[in-house]
Amino acid sequence: MSTLETQAINIKFENFVHTLENEDLFDKTKRVDEVLKSGVLTGNEALGMISLNKLSSIVKLREKNGYKHDVIMLGSNSYLNIQNHPKVLKASKKALEKFGMGMGAVSNYAGICDLHRTLEKKIAQFYGTEDAIVFPSGYGTNIGVISALCNSEDIIINDSANHASIFDGCQLSGAQIKIYPHRNMKYLEKILNRIPDNITGRLIITDGVFSMDGDIAPLNEIVELAQKYNCKIMVDDAHGIGIVGKTGKGSSEFYNVQNKIDLNVGMLSKAPGGLGGYCAAKREIVQYLRLYARTYFFSTAMSASVAGGLIEVFNLFEKDKAGRKELMEKTIYLKEKLLKAGFNIGNSQSAIIPVMIYDETKLFRLYQELRSEGVYVNIVTYPAVRRKECRLRLCVMKDLNYNELNRAANLIIKKGIQYGII
Ligand SMILES: Cc1ncc(COP(=O)(O)O)c(C=O)c1O
């Protein structure tokens, strides 16, 4: 192990969060700067990397040192590369020309045009709900929805692997927060069973597809428990929308519980290829959110060009013409190769493949070598997951051809053997 790598293990993200004794508020930023300048690997190696062309199966990157090279892209959440679909581009350009770059106001003032409302109606139709609200940020969607609906007299029960924005929303709400181990329904029931009768505002929140594991929440069981214990359910299906379920309607379709989810939250930034998020729900809930979700009320509306493009995305989703089946065939192909080689790839049921490494030093090295040899994947460690569960995270993209999938798989397998992971 090199000195730099030994140092890297001792550098912990959490050591730079607090102001130390006799430090001023900004001294911690200088400490981080020193670490980054020293070249020590910290898990933030991606800082300084720039994409030089639009998303496709091969992307040209410019590294921090100026070096330019092509990589096979296994690190994008735009699984369908739908933002470059001709129909989507055409609609987005048309809206851009008509409305200009930005909206100039929050949605409740003069910030929305007909395209925003059309998009909301499309999303509601997609979920079979009465209405939907679109937020300009995905992260802000969870913050806004949760903190609008929950307060200090309420209780929120979370899967431990829920996205950070969900936990941040819970904290901001002031509600009592409970957490059950990932997908552990026995533990969830234990928590529900202990909620005092006088706490009647109860919300279970779960990711649909979990962003770091690619598996799906057991929504059928969650629905049963919610009914038994009088809870409402919120599902953040950021990585399920357009991808999983018989017709791509997401995790609730996968479990056939589409009408049983109270708050259908999702992000427009992953498979939909745009930006923002939404909550599809009953009319009066959506109306309430328009008034009480502060990340909606106090934040400028999404650009019309994004809203216009997204309307076409939902048209393609509805007709099942976004390439979901092709994506899933390619995902299964890659998963089988990695499984056969002996990797632990968890229980992914989506286009996200976790490749468990369990050792941060090996993870950083592997990641760097894969990247410099032409395969771009994401690395995941603390604070996204526990360090001992660190992993490579592969996101399959529909546009990857079988030759590219083979090249990527062969390189990952070669490195896996070299590092004693398989
Ligand atoms: C499950 C989940 N929820 C919310 C978000 C936030 O979405 P956005 O990146 O669009 O802000 C993400 C993306 O990182 C996510 O994976």
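Colleague: Which residue is the bridge partner of Ile 156 in strand 6?

Modeller: In this predicted model, Ile 156 has Ile 177 as its bridge partner in strand 6. As a general idea, strands of a sheet pair through backbone hydrogen bonds, and the pairing is either parallel or antiparallel. Here strand 5 (residues 155-159) and strand 6 run parallel, and five bridges join them.

Colleague: In what order do the seven strands of the open sheet lie?

Modeller: The order is 4-10-9-8-7-5-6, with mixed pairing. Strand 4 (131-135) and strand 6 (176-180) are the edge strands, each of which pairs on one side only, and from one strand to the next the twist averages 20°.

Colleague: Which strands does helix 4 lie across, and which strands does helix 10 touch?

Modeller: Helix 4 (residues 114-127) lies across strand 4, strand 9 (263-267) and strand 10 (277-281), and runs at about 125° to strand 4. Helix 10 (residues 283-292), which also packs on the sheet, touches strand 4 and strand 10, and its direction makes about 25° with that of strand 4.

Colleague: How should I read the domains, and what separates their centres?

Modeller: The domain assignment gives domain 1 (43-80 + 323-418) and domain 2 (86-318), and their centres, taken over C-alpha atoms, are 27 Å apart. Domain 1 brings 19 residues to the contact, and domain 2 brings 17 residues.

Colleague: Which residues come nearest to the ligand?

Modeller: Among the 14 residues around the ligand, Gly 138, His 163, Ser 211, Ala 238 and Ser 269 come nearest. Helix 5 (residues 138-149) gives the most to this shell, with three residues, and by class the shell has three nonpolar, nine polar and two charged residues.

How values were computed:
Residues are numbered from 1 along each chain as its sequence is written. This is a predicted model: local features need pLDDT of at least 70, side-chain atom pairs count only at pLDDT 80 or more; totals for chains, interfaces and linings use all residues. A residue is near a molecule or strand if its C-beta atom, placed from the backbone, lies within 6 Å of it. Helices (H or I, at least four residues) and strands (E, at least two) are DSSP runs, numbered from the N terminus. Ala, Val, Leu, Ile, Met, Phe, Trp, Tyr, Cys and Pro count as nonpolar, Asp, Glu, Lys and Arg as charged, and the others, Gly among them, as polar. Domain bounds come from an automatic or database domain assignment. Two residues are in contact if their C-beta atoms, placed from the backbone, lie within 7 Å. Two strands pair if DSSP finds at least two bridges between them. Axes are lines fitted to C-alpha atoms, for helices over the stretch in contact, and angles run from 0 to 180 degrees between N-to-C directions.
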